[in-house]
Amino acid sequence: MAASTELHFLLVPLVAQGHIIPMVDLARILAARGPRVTILTTPVNAARNRAAVESANRAGLAVELVELPFPGPQLGLPEGLEAMDQVAKDPITFFHALWKMAEPLEEYVRALPRRPDCLIADACNPWTAGVCELFGIPRIVMHCPSAYYLLAVHNLSAHGVYDRVGDDEMATFEVPNFPVRAVGNKVTFRGFFQYPGVEKEQRDVIDAEATADGLLINTFRGVEDVFVDAYAAALGRRTWAVGPTCAFLTMDDDAKAGRGNRADVDAGDIVSWLHARPPASVLYISFGSIARLPAKQLAELARGLENSGRPFVWAIKEAKADAAVRTLLDDEGFEERVKDRGLLVHGWAPQVTILSHRAVGGFLTHCGWNATLEAISYGVPALTWPSFADQFSSERLLVDVLGVGVRSCVKVPAMYVPKEAEGVQVASGDVEKVIAELMDDGPEGAARRCRAKELAAEARATVEEGGSSYSDLTDMICYVSELSRKRSLTSSTALHMPFAAAELV
Ligand code: UDP
């Protein structure tokens with residue numbers, strides 16, 4: 001692998017925590033194998049991820065974080081609004097601004113003394129394609145959802161199912177030509193950018209994937225073998241399953257606690273609190289960086305949790321800004337009543353620090369793909385509470401395919417719940433029931449826990465030397481090395497190409 005020591009990768013994540021976190025993980029993993037890695041993102045996102053990059057540097061890894069300006073203010077967006085979790089309204093203007101990042105990216109690349117060997121772009125950043133074409137840089141697309149979801153959306157589209165159901169978003173269908181039986185409707189199988197106003201962006205995403213030099217998926221063959229192979233065959237692109245990136249556990253405690261953002265709680269305090277609890281007794285609750293529960297639903301969840309009598313840690317980001325939630329927690333006394341067994345994190349929690357603690361025995365999750373991979377990698381059975389996008393697919397994978405989850409019985413994204421229900425899909429009594437089922441000490445609970453531990457062992461083995469994700473990454477690095485060698489031979493004979501002169505020196 002001598003050639004890889006000279007390789008330089010640019011990584012361009014989508015500006016959302018669920019996409020930057022695995023890219024920063026990937027940067028560490030790549031750098032540990034030899035290449036030099038530069039992560040390009042906006043100032044707000046860079047600040048949130050600097051701790052993880054600095055920890056990589058302390059470990060001697062050549063990872064660099066470079067800021068590119070976010071063009072939001074040019075389109076009237078407020079200064080500092082640079083990440084998906086900050087977008088309360090008008091996502092369309094946000095995406096238009098994101099697409100304009102091609103300009104600062106081009107400027108950055110033009111000023112480099114030597115052409116990078118590869119650019120890895122999030123699948124939602126197709127605007128990088130033109131820059132790569134201009135400078136002759138090989139481009140790999142990185143997918144952050146599961147292969148299950150990618151294949152389902154691809155097949156539904158290729159077989160005309162979305163067109164057939166049209167506006168009837170609740171019409172039930174079965175995913176055609178799929179390795180397992182999967183039944184749902186448009187609202188639980190919606191593709192990224194599959195809504196009015198971003199049709200051009202959706203086409204760009206599809207085109208950029210079809211012309212990429214290869215595809216990376218943050219998953220592993222132990223859980224998604226058939227879906228990865230079927231997706232690679234459907235797209236006809238070289239595809240590498242290199243995850244789960246979160247199972248690459250070489251980061252120090254500080255970096256782990258500050259993954260994706262500075263935690264709003266002292267990680268050491270949480271660890272001490274968990275140390276005082278019996279193994280596998282605590283339920284951890286988080287809805288990720290974007291999904292928000294309607295106030296009434298949140299109150300039902302709180303009541304169910306209280307009545308369950310279980311110890312829990314709840315990352316309740318709504319507590320920071322939502323007055324109704326503060327009233328529930330403070331004025332109505334929820335936090336005080338549960339204080340002997342419930343720990344509330346008002347904001348960003350050190351999620352992998354919590355999930356990797358042996359006291360945690362269940363994870364009530366919104367089924368974001370990273371949360372799903374973290375549950376799998378740390379061997380924690382899941383209580384699934386999906387909210388939107390690929391989350392219903394992750395639920396199906398956890399419960400129906402892998403057998404490590406229990407459904408909370410959420411049926412649709414909150415916006416599709418009839419008005420009179422005020423967003424409530426799971427009443428407090430049902431919350432209590434499903435928590436009891438997940439944390440159950442009987443044979444079903446034991447089998448689920450045992451399966452979860454087996455998958456966690458597989459997840460760790462797959463990223464170590466000899467594992468399939470390790471081999472896929474080796475293959476990807478060799479492929480880039482070969483592409484790069486061929487392209488520099490071509491550019492050294494074509495002096496009009498950018499970088500050609502510099503590379504001849
Ligand atoms: N996360 C965290 N603390 C929080 C909330 C989320 O560390 O309080 C991390 C979580 O570990 C995961 C990522 O943020 O790596 C969220 O990605 P995911 O795909 O689970 O969901 P999304 O936020 O994209 O919906």
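Me: Which helix holds Y231?

Reply: Quick housekeeping: residues are counted from 1 along each chain, as its sequence is written. The model is predicted: local features need pLDDT of at least 70, side-chain atom pairs count only at pLDDT 80 or more, and totals for chains, interfaces and linings use all residues. Helices (DSSP runs of H or I, at least four residues) and strands (runs of E, at least two) are numbered from the N terminus. Y231 falls in the helix covering residues 221–235, which is α9.

Me: Is Y231 buried or exposed?

Reply: Let's count C-beta atoms, placed from the backbone: 20 or more others within 10 Å of a residue's own makes it buried, 12 or fewer makes it exposed, and in between it's partly exposed. Y231 has 27 other C-beta atoms within 10 Å, so it is buried.

Me: Leaving aside neighbours within four places in sequence, which residues are in contact with Y231?

Reply: Contact here means that two C-beta atoms, placed from the backbone, lie within 7 Å. Setting the sequence neighbours aside, the contacts of Y231 are A147, L150, L151, H154 and T239.

Me: Which residue in β3 stands opposite I39?

Reply: Strand β2 (residues 36–41) runs parallel to β3, joined by five bridges. I39 also has contacts beyond four places in sequence, including L11, M23, A27 and V63. Its opposite number in β3 is L65.

Me: Which residues touch the most other members of the largest nonpolar core?

Reply: A nonpolar core is a set of buried Ala, Val, Leu, Ile, Met, Phe, Trp, Tyr and Cys residues joined through C-beta atoms within 7 Å. The largest one here has 153 residues, and helix α1 (residues 17–32) gives the most to it, with nine. The members touching the most others are L11, A27 and I39.

Me: Why is β4 described as largely enclosed by the rest of the structure?

Reply: In a regular strand, side chains alternate between the two faces of the sheet. In β4, C118, I120 and D122 cover one side, while L119 and A121 are on the other, all of them buried. Strand β4 (residues 118–122) is largely enclosed because its buried residues number five of the five.

Me: What handedness does the unit of β4, α5 and β5 have?

Reply: Point the strands away from you: if the path from the first strand over the helix to the second runs clockwise, the crossover is right-handed. Strands β4 and β5 (residues 139–143) pair in the parallel sense over four bridges, and I120 stands opposite I140. With helix α5 (residues 128–135), they make a β-α-β unit that is right-handed.

Me: Which residue in β12 stands opposite F312?

Reply: A six-stranded open sheet has the order β12-β11-β10-β13-β14-β15, with parallel pairing. Within it, β11 is joined to β12 (residues 342–345) by four bridges. F312 belongs to β11 (residues 312–315) and is buried; opposite it in β12 stands G342.

Me: Which helix gives the largest share of the shell around the ligand?

Reply: Near means having a C-beta atom, placed from the backbone, within 6 Å of the molecule or strand in question. Around the ligand there are 21 residues, with G18, G288, S289, G368 and A371 coming nearest. Two or more residues each come from α1, α16 (351–355) and α17 (369–377). The largest share is four residues, and it comes from α17.

Key. Pairing = 2+ DSSP bridges.
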